[in-house]
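Please look over the protein shown below. The paragraphs after it go from the whole chain to single residues.

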Amino acid sequence: MDGTMAPVTRSQAPKISPFLEPGKTTKVGSLAILQLSRDNLQPVYLKAPAGKHDGYAEGAVVNTRYGSFPHSTMIGVPWGSQIRASKVDTGSRGRNNKRKRDKSDDNGREASATVTEEKTEQESTPAEVNDGSTAATKKVVADVSGFIHILPPTPEVWTSSLPHRTQVVYTPDYSYVLHRIRARPGSVLIEAGAGSGSFSHASVRAVYNGYPTEGERKGKVYSFEFHEQRYHKMNKELEEHNLDSLVHLTHRDVYNGGFLIDGKSPEAEAIFLDLPAPWEALHHLSRRNPKNPQDKDWVSPLNPRKSAHICTFSPCIEQVTKTVSALRRLGWVDIDMVEIANRKYHTSRERVGLNLSMDRGVNNSARDVDEALARLTEIETRFREHAAKSKESDDEMDGDDDGLIKRHEKKEQKGGKKRGGDKKVKIDHKPASPESFETPASGMPLWMEGRLITRGEPEIKTHTSYLVFATLPREWTEEDEATAAARHPVVGEQKVIGVVDKAARKQERREQLQKATGNRKARRMERAAELAVTAEGGASGVVP
């Protein structure tokens, strides 16, 4: 059950991870994150355009709802660039699929299983090379279907796009955790429960201060994973991301196996436990053997020269209670529990007006009081006209023909004259023309018009989790006391703060108060004597 990765030895300089130093432009074989929309991210390993790939004459192609994007259009461009969709030529891709279907019909389930296995392997290994075709790659042609943005890999975007093998630790949680456990460049961090690798990528960036050489101590992450399949998948991801020399991944049950590496201590000062029962692994994170403190052969995984800071990640309060009890028994101090509830806010401008079209971001209501009154006037005018027409129709139905003729003649004569009185207010409800959008009446750009609106998410999109923090101080021995005394000698001091007991401090304070009271009495007596002498001199007529 216990197995560790061999130490990384390199005869040449290691490859720099794109998570640490992505460079200014994209490169062949590097990991890139495609942003399809605000919350839709897709990781892809860029492949060189070397002939046909999967039936596409343009080489490797990423197909999305916004169009097709050949890898050749995403190589050598600055990070953050907008990539336009392209018109791709499927070539023999359709015939290959048809041939696979025919073969499946002839050979039955065996061929179908083979096709499924090939497809699964292709989806699970996005970094594989092209199919080796030597045919020339077709030049891509831009399309009008849409666009995407290409982003450099960072722990934040990787957390939002990684393939989930377990529940992941999201950015609001791990950013606060790394701050509280004091993960900084040069720190050594222990992580138990690697899972999908979200916290691993964030922690290695926090402790990174260079790639280690033989005999040199650098920032490093020691990660432990119990599940064998997740261990192999994460091990492969670390190699593809060039992080295998900074993250030491181990397949182990830490409840029984502990946190040592080949029997040696990693000397960690930061610990993060994402385990179902973290209290069962805490006895391995001690300065001495909890069962036998006099055991000289027991090796602690903690750094003996620094205090250790721990965080446990638990989804229910019962786990928190057991973890806190175990921490107290083992001597951890400053125990604290925190729950993080993250909420996103979306800010936009809202254009308001009855004369605006029903476009997205437009509130089709009255902009001010004048526009509201104009709208009410129009409605009332239409209502009166409709009521008058209805009354005339009823009169025509009830009257005779002569009366009908007279009314028609009267209506024609009335229609020929100019009508006064109420003017009909007309509000144009048609969509505004493109010219009006280019030069708005306010003289401001279109994107600056309207009210600034900020809306929060209707519900918090996060999973409930409790973070328990604690600190284990370093041991202070007689040798440390002697070293400190030699470095900071005590010369001529009468007293040292903190060396007297409570009773002695009370007695010292009592003596100080008595002395201060006696001094006040003496000053009052002196003042009274001076006043008496002054009074006697005034009575005898002698001024002192």
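The model is predicted, so local features need pLDDT of at least 70 and side-chain atom pairs count only at pLDDT 80 or more, while totals for chains, interfaces and linings use all residues. Residues are numbered from 1 along each chain as its sequence is written, and side-chain values use heavy atoms, with hydrogens and water left out.

The secondary structure comes to 13 helices and 17 strands; these are DSSP runs numbered from the N terminus, helices being H or I with at least four residues and strands E with at least two. The protein exposes about 35000 Å², of which carbon and sulfur atoms supply 52%; such areas come from the Shrake-Rupley method with a 1.4 Å probe, and for residues only the protein chains shown count as cover. Contact means heavy atoms within 4.5 Å. Among contacts with a separation of 6 or more, 73% are between residues 24 or more positions apart.

Strand S7 (residues 141–151) pairs with strand S2 (residues 31–37), antiparallel, through three bridges. Two strands count as paired if DSSP finds at least two bridges between them. In this pairing Leu 34 stands opposite Ile 150 of S7. S7 also pairs with strand S6 (residues 82–87), again in the antiparallel sense, over five bridges. There, Arg 84 has Phe 147 of S7 as its bridge partner.

How many of the ten residues of helix H5 are buried? Nine of them are, so H5 (residues 198–207) is largely enclosed by the rest of the structure. Among the buried residues are Phe 199, His 201 and Val 204.

His 284 is found in the loop between strand S11 (270–273) and strand S12 (308–314). Its relative accessibility is 16%, so His 284 counts as buried. The side chain of His 284 reaches the backbone oxygen of Tyr 255 at 3.0 Å, and it makes a polar contact with the side chain of His 283 (3.0 Å). A polar contact is a pair of N or O atoms within 3.5 Å; within protein, one must be able to donate a hydrogen and the other to accept it, and residues adjacent in sequence count only if both atoms are side-chain atoms. Beyond its neighbours within four places in sequence, His 284 is in contact with residues including Val 254, Phe 259 and Trp 298.

The whole structure has 13 salt bridges, each a side-chain nitrogen of Lys or Arg within 4 Å of a carboxyl oxygen of Asp or Glu. One of them joins Arg 217 to Glu 267, with the closest N and O atoms 3.6 Å apart. Arg 217 lies in the loop between H5 and strand S9 (220–225) and Glu 267 in the loop between helix H7 (254–257) and S11, so this pair ties together parts that are 50 residues apart in sequence. Glu 267 also forms a salt bridge with Arg 305, at 3.1 Å between the closest N and O atoms.

In helix H9 (residues 369–398), the side chains of Arg 382 and Glu 378 meet in a salt bridge (2.4 Å, N to O). They are four residues apart in the helix, and therefore separated by about one helical turn. Arg 382 is partly exposed at 43% relative accessibility, whereas Glu 378 is buried at 1%.

Definitions and conventions
Buried < 20%, exposed > 50% of the residue type's maximum accessible area, 1.4 Å probe, protein only.
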